[in-house]
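Here's a quick briefing on a structure, covering its charged side-chain pairs and one of its sheets. Have a look at the model first, then go through the points below.

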Amino acid sequence: MKNLHVAGSISEKINTAGIAERAISSTIENCRVSAQLNITQSSIGNRPIIGGIIEEAERGDIIIKNCLFDGAISAQRNGTYLGGLVGILSRNANVEIINSVFSPSTVPSVEKGGTMIVSNVGYDNVQITNCYYTEVLSELQGTDASSFSLDEMLENLGKPWTLL
């Protein structure tokens, strides 16, 4: 997947993401999610999972490069797992997140959150390089963008990032 911009609203009962429900041996590059992601079910069943770009990194090598989440996230249920870019990591996946930004307009309170990715199996299979966030989730990953000017951020991110 390359050069995609998702806007509007995406509503699901339990799990949701801005681009993909599951990723298997995938590369997502130069993509932006500006959509409102909504979990509508308030009780019963499994713990809801939200990923700004991917709900679950299922298996294989998964690369997220030069991507931005600047949408909004809402959930009607406590106990939500929220990964800024990837909702949950499975045991059989190797994830590399490069040159990407998590900058949501709103996020719900969550039981477990990762600024870039959430994992119940550890982070040995995750590599995060030159990534930034504006909203703090329970597990910090990447660099706080608030200490940089816009010009500094653009310089740090490099090409293909531009100011729109």
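Glu 21 is exposed, at 51% relative accessible area, which puts it just on the open side of the cut-off, because exposed means over 50%. Keep in mind that this is a predicted model. Searching the whole structure turns up 6 salt bridges, and Glu 21 takes part in one of them, with Arg 22.

**Salt bridges around Arg 22**
- Arg 22 and Glu 21 bring their side chains together in a salt bridge, with 3.4 Å from N to O.
- Arg 22 has a relative accessibility of 39%, so it counts as partly exposed.
- Arg 22 also forms a salt bridge with Glu 58, and here the closest N and O atoms are 3.5 Å apart.

**Glu 58 and its other partner**
- Glu 58 is partly exposed, with 23% relative accessible area; that is not far up the scale, because buried means under 20%.
- Besides Arg 22, Glu 58 meets Arg 59 in a salt bridge, at 3.2 Å from N to O.
- Arg 59 has a relative accessible area of 40%, so it is partly exposed as well.

- Which residues are linked in a network of salt bridges? They are Glu 21, Arg 22, Glu 55, Glu 56, Glu 58 and Arg 59.
- As background, side chains of opposite charge can pair when their charged atoms come close.

- Elsewhere in the model, 3 strands make up an open sheet with parallel pairing, in the order 2-7-11.
- Strand 2 (9-12) and strand 11 (72-75) sit at the edges; each has a single partner strand, so one side of each has no neighbour in the sheet.
- From one strand to the next, the twist averages 10 degrees.
- How many bridges join strand 7 to strand 11? There are 4, and strand 7 (residues 36-39) runs parallel to strand 11.
- For a landmark, look at Ile 39, which stands opposite Ala 75 in strand 11.
- In general, strands of a sheet pair through backbone hydrogen bonds, either parallel or antiparallel.

Key
Residues numbered from 1 in each chain as written. Predicted model: local features only at pLDDT ≥ 70, side-chain atom pairs only at ≥ 80, totals over all residues. Heavy atoms only, no water. Salt bridge = Lys/Arg side-chain N within 4 Å of Asp/Glu carboxyl O. Buried < 20%, exposed > 50% of the residue type's maximum accessible area, 1.4 Å probe, protein only. Pairing = 2+ DSSP bridges. Helix = DSSP H or I, 4+ residues; strand = E, 2+ residues; numbered from the N terminus. Axes fitted to C-alpha atoms, helices over the stretch in contact; angles between N-to-C directions.
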